[in-house]
Amino acid sequence: MKTIYLVIPCYNEEAVLPETTKRLIELMTHLQEKGTITADSRIVLVDDGSKDRTWAMIEEYYRTQPQFFEGIHLSRNQGHQNALLAGMMTVRDRCDAIISLDADLQDDVNAIVEMIEKFTEGYDIVYGVRSARKTDSAFKRMTAESFYKLMNMMGAEVVYNHADYRLMSRRALDGLSQFREVNLFLRGIVPMIGYPSTTVYYERAKRFAGESKYPLKKMLAFAMQGITSLSTKPIRMITSLGALIFVVSIAMIIYCLVRYFTGHTVAGWTSTTISVWAIGGLILFALGVIGEYIGKIYLETKQRPKYFVETYLSDRSVQHDDLTER
């Protein structure tokens, strides 16, 4: 039997928590009765500075059912990736493996059974991958698929149609703890660990209640975070584009000189205006991309804490060091 912890980041999730916890309790009870997981296995709810009753509900779950729940309360909102990391790093020494999932019930919790089976077969990382996007709108499907294609095209290695639904063994978590960057993109970092991994497929459901935490604007920002955190390919593309434009400019100089010496010079207001705007736009775009990287360097050199755990609710003994930022 294995001790498995489920780590679930929560931000303003009071609408979904009652149904989520109900389904997870049923699943944990079933797995314990089958002898698949130990009685020390837990559901860890990480409150990422919610503004609603999320933390109060987590406290109530822990108070009434400590055999199932633990709670982690961050000092302020740190974002999904940091909240997920906080949960995993806080409890990684207390279990054999951790399964991370979202609180919105879109990830099929029944896939957890197969994940644990793969773990017992010797895999350190098991990715939950969506087999289809039938419940998504056409626009959502297009933007999501474009997100993964863009990430891979830009050199950020990610598992296609995989979000943050995965199992990680304690050994894999120890490997993850060695990544010290402030700009977190776990979907790209986890594959870098390199331990034996596999995938399980599941049907993605509609969100049970509440609003999506990843609208288009946030998805674009997330893609930029992943690309600039994991790859230097955009800068290399700018270098290549600059070289191409330099070659074109040489050709244009030769063309202009030929036209001048053959007496065919004509005032070219349109071509001049277009050239000025095109080059100006390219320069500003290039500066913006380079600025993204400089901003990342700026934040990384500061080495600021990624999170602070304000409260950790657990019926098992815990060292003070477990409550500090990693």
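The secondary structure of this protein, taken from a predicted model, comes to ten helices and eight strands. Of the 326 residues in the protein, 45% are buried, and among the contacts with a separation of 6 or more, 82% are accounted for by residues 24 or more positions apart.

The strands can be followed through an open sheet of eight strands, which has mixed pairing and the order β7-β5-β6-β4-β1-β2-β3-β8. Its edge strands are β7, residues 197–202, and β8, residues 309–313, each of which pairs on one side only. Direction ignored, neighbouring strands of this sheet are turned against each other by 20° on average. Strands of a sheet pair through backbone hydrogen bonds, in either a parallel or an antiparallel arrangement. In the case of β4 (residues 97–100) and β6 (residues 162–169), the pairing is in the antiparallel sense and extends over four bridges, with A97 standing opposite S169 in β6.

Helix α7, which spans residues 186–193, lies across β5 (125–130) and β6, and runs at about 35° to β6.

Helix α1 has a helical partner as well. Helix α1, residues 17–34, and helix α2, residues 54–64, pack at an angle of about 30°, and their axes are 11 Å apart. Because angles under 35 degrees count as roughly parallel, α1 is described as roughly parallel to α2. The crossing of these two helices, α1 and α2, is right-handed. On the α1 side the contact is made by L17, P18 and T21, which meet T54, M57, I58 and Y61 in α2. The residues of this contact divide into five nonpolar and two polar, with no charged residue among them.

Leaving aside residues up to four places away in sequence, L299 touches V182, N183 and R304. The C-alpha atoms of L299 and E181 are separated by 9.0 Å, although the two residues are 118 residues apart along the chain.

Methods: Residues are numbered from 1 along each chain as its sequence is written. This is a predicted model: local features need pLDDT of at least 70, side-chain atom pairs count only at pLDDT 80 or more; totals for chains, interfaces and linings use all residues. Side-chain values use heavy atoms; hydrogens and water are left out. Axes are lines fitted to C-alpha atoms, for helices over the stretch in contact, and angles run from 0 to 180 degrees between N-to-C directions. Angles under 35 degrees count as roughly parallel, over 145 as roughly antiparallel, 65 to 115 as roughly perpendicular and the rest as oblique. A crossing is left-handed if the near helix is turned anticlockwise from the far one by less than a right angle, and right-handed if clockwise. Contact means heavy atoms within 4.5 Å. Ala, Val, Leu, Ile, Met, Phe, Trp, Tyr, Cys and Pro count as nonpolar, Asp, Glu, Lys and Arg as charged, and the others, Gly among them, as polar. Two strands pair if DSSP finds at least two bridges between them. Buried means under 20% relative accessible area, exposed over 50%, partly exposed in between (1.4 Å probe, protein chains only).
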